[in-house]
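Here is a short report for a reader meeting this structure for the first time. Please look over the sequence and the fold below, then read on.

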Amino acid sequence: MNTIPMRQFGSTLTDRADGKKAFQEILRKTVFPVSLDFSGVVSLGSSFGDEVILTVAERQGNTITVLHANKVIQNAIRRSVEDSPVAVSFSD
């Protein structure tokens, strides 16, 4: 499984437009399935999460592995997927 370092998109990931750009970059450069590594990222907004977490998960059977996410990021991801069929696995 490939790992995407989310820090490459910034330490504070909040904007929907930036999330769309990040997903497009992931799509161009990656072979799925992937995990998302949040090392060095301090916060995640639900708009960015909707654009990245949900769309990445959809490409890999509605599952996603999230690495090194702090509690703020984990909570944002949980909010992004709460009304979807996406299953999230958090790991260090």
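Glu25 and Lys29 both sit in helix H1, 4 residues apart, about one turn of the helix. Helices (H or I, at least four residues) and strands (E, at least two) are DSSP runs, numbered from the N terminus. Glu25 and Lys29 form a salt bridge, with the closest N and O atoms 3.1 Å apart. A salt bridge here is a side-chain nitrogen of Lys or Arg within 4 Å of a carboxyl oxygen of Asp or Glu. Glu25 is partly exposed at 22% relative accessibility, and Lys29 is exposed at 62%. Buried means under 20% relative accessible area, exposed over 50%, and partly exposed in between (1.4 Å probe, protein chains only).

A word on the model. It is predicted: local features need pLDDT of at least 70, side-chain atom pairs count only at pLDDT 80 or more, and totals for chains, interfaces and linings use all residues. Residues are numbered from 1 along each chain as its sequence is written, and side-chain values use heavy atoms, with hydrogens and water left out.

**Salt bridges**

How many salt bridges does a search of the whole structure find? The search finds 3. Side chains of opposite charge can pair when their charged atoms come close. The table lists the pairs.

| Pair | Closest N and O atoms |
|---|---|
| Glu25 and Lys29 | 3.1 Å |
| Arg16 and Asp50 | 3.6 Å |
| Arg16 and Glu51 | 2.8 Å |

Take the pair of Arg16 and Asp50, a salt bridge with its closest N and O atoms 3.6 Å apart. Arg16 lies in helix H1 (residues 16-29) and Asp50 in helix H2 (residues 46-58), so this pair ties together parts that are 34 residues apart in sequence. Arg16 also forms a salt bridge with Glu51. That pair links distant parts of the chain, with Arg16 in helix H1 and Glu51 in helix H2, 35 residues apart.

Glu51 counts as buried, at 16%.

**Strands**

Strand E5 (residues 63-67) pairs with strand E3 (residues 34-37) in the parallel sense, over 3 bridges. Two strands pair if DSSP finds at least two bridges between them. Asp37 stands opposite Leu67 in E5. E5 is also joined to strand E6 (residues 87-91) by 5 bridges, and these two run parallel. Here Val66 stands opposite Phe90 in E6. In a regular strand the side chains alternate between the two faces of the sheet.

What do E5, helix H3 (residues 71-81) and E6 make? They make a right-handed β-α-β unit. A crossover is right-handed if, with the strands pointing away from the viewer, the path from the first strand over the helix to the second runs clockwise.

**Backbone in the loops**

The peptide bond from Phe32 to Pro33 is cis, with omega near 10 degrees. Pro33 is in the loop between H1 and E3.

Asn62 is not a glycine, yet has a positive phi of about 60 degrees. Asn62 belongs to the loop between H2 and E5 and is partly exposed, at 24% relative accessibility.

His68 has a phi near 55 degrees, a positive value in a residue other than glycine. His68 is found in the loop between E5 and H3. His68 is partly exposed, with a relative accessible area of 36%.
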